[in-house]
Amino acid sequence: MIDTVIHDASEIVVGPAEDRSRLKQHEDGAIAVVDGTIAAVGPNDAVTREYPPENAAHAIDASEKAIIPGFVDSHTHALFAGDRSDEFEAKLSGATYQEILAEGGGILRTVRATREATDQELLDQLLGYLDVMLAHGTTTVEVKSGYGLDTETELRMLSILDRADREHSVDVVPTFMGAHAVPPAYDSDEYTEIVIDEQLPAVVDQDVAEFCDVFCEADVFSVEQSRQILEAGTEHGLQPKVHAEEFVHFGGAQLAAELEAMSADHLLHADSSDINALDEAGVAPVLLPGTAFSLGAEYADARVFLEQGVSVALASDFNPNCHSPSMQFAVALGCIGMEMTPAEAIMAATHGGARALDRDTGTLEQGAPADLSLIDAPSHVHIPYTFGVNNVEAVMKGGEIVY
Ligand code: NIG
Ligand code: FE
């Protein structure tokens, strides 16, 4: 039984070509979907001969349209309560992110609002954001805890992520990030101990989180504290991720390499020895241009990674400080702000994201999950070219049209 045939697409982006710098794509292509996975992808004639659209339960005419893999957004903080639009205004008038955090705003303010919100309020808000993400072509998203900073709220956040994953067609990948900030009642050594001795065992007991992340940054968690937390996470079976080199060059990238972390994220201040170390250790670099854009900061130097043949991921970093859940916007910023080619940016937002989350999605190779978007334009180039609008017309997740 053929579930769906998408035929006559003006372009199908399959994934990275063998040399990784270019796309593997088919012009005038077709895709056959059977049992939720890609049964065939290739030139229209060849695929439709083997899988005739008239024999399929669903046939989709994709004339003048492009098909791309669903976006894999590998770094977000999408579960939160409260409103920080006034901080956005203050930053426009010159306040810095760190000043706002040091005065108890920023992450700490979202923590207060999140602790006060009910589970249902948090879940409903997250499901609303997942709807927006899906409508913009995201089929898998990582979401971090870290707006609880106490055991009870961190556990609540992770169980809400688990519920959202089950209730929504977007796959939600949960990361424990108790080490997102130091709550005011503690010094950072005391709080590090609480994360390791109290939060981590409880999180593992609840058995929801997959990764453990730390904000390794000046005045937040030191390299040594981050190492202790991530090593403890690894002992408990949580793979490490690191917020590294965001505001200053601090050592988080070398730590990620040393621990063979799943990913090192932000990397605005990474230098070439960091990039080599990450590459040698097989750590996925995750670049978050929306954050730099919203902070008015310089972008991470994507070209240095790419010229060295290092694949990167692009993610939204959707959070109260970077309030865009759109991966199309991240792709546009990757191109316009970071000088990535549209092909590189699309690969980074799909295949790159999947690598940073250890998932087999993010490509349309035969056998991959049928997670894809139908673009209301003839090529992937239109996604960054026509920025600021939604270019996604329909989304398929696991073979089902879900948007
Ligand atoms: O990745 N840098 C730390 N964490 C988030 C920001 C979270 C917030 O400001 O609420 C980030 O940008
Ligand atoms: Fe983050």
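# Reading a two-domain model

Author: In this predicted model, 30 Å separate the centres of domain 1 and domain 2, taken over C-alpha atoms.

Reader: Which residues make up domain 1 and domain 2?

Author: Domain 1 is written in two pieces, 4–69 + 364–401. Domain 2 covers 71–356.

Reader: How many residues does each domain give to the contact?

Author: Domain 1 gives 20 residues and domain 2 gives 21. On the domain 1 side, the elements that supply two or more residues are β1 (4–16), β5 (66–69), α15 (382–385) and β15 (392–397). By class, that side has 11 nonpolar, five polar and four charged residues.

Reader: Where does UniProt place the domain feature?

Author: An unreviewed UniProt entry puts "domain: Amidohydrolase-related" at residues 67–402. Over that range the chain is 44% helix and 16% strand. The end C-alpha atoms of the range are 15 Å apart.

Reader: Now a single residue. Is I38 buried or exposed?

Author: Count C-beta neighbours. A residue is buried if 20 or more other C-beta atoms lie within 10 Å of its own. I38 has 22 inside 10 Å, so I38 counts as buried. I38 is found in strand β3 (residues 37–43).

Reader: Which residues does I38 touch?

Author: Leave out residues up to four places away in sequence. Then I38 touches I31, V33, L364, E365, Q366, G367, A368 and A370. Compare I38 with A90. They are 52 residues apart along the chain, and their C-alpha atoms are separated by 48 Å.

Reader: Next, the ligand. Which residues come nearest to ligand 1?

Author: There are 13 residues around ligand 1, and I107, T291, N319, P320 and N321 come nearest. The shell divides into four nonpolar, seven polar and two charged residues.

Reader: Where does UniProt place the "binding site" feature?

Author: The unreviewed entry places it at Y147 and N319. These two are spread over 173 residues of sequence, yet they cluster in space, with a largest C-alpha distance of 10.6 Å.

Reader: Are Y147 and N319 buried or exposed?

Author: Y147 has 29 other C-beta atoms within 10 Å, so Y147 is buried. N319 has 27, so N319 is buried too. Y147 is in the loop between β7 (138–144) and α6 (151–167). N319 is in the loop between β13 (313–314) and α13 (327–336).

Definitions and conventions
Residues numbered from 1 in each chain as written. Chains lettered and ligands numbered in written order. Predicted model: local features only at pLDDT ≥ 70, side-chain atom pairs only at ≥ 80, totals over all residues. Domains from an automatic or database assignment. Contact = placed C-beta atoms within 7 Å. Helix = DSSP H or I, 4+ residues; strand = E, 2+ residues; numbered from the N terminus. Nonpolar A, V, L, I, M, F, W, Y, C, P; charged D, E, K, R; others polar. UniProt positions renumbered as here; feature names shortened; annotations may be inferred. Buried ≥ 20, exposed ≤ 12 C-beta atoms within 10 Å, placed from the backbone. Near = placed C-beta within 6 Å.
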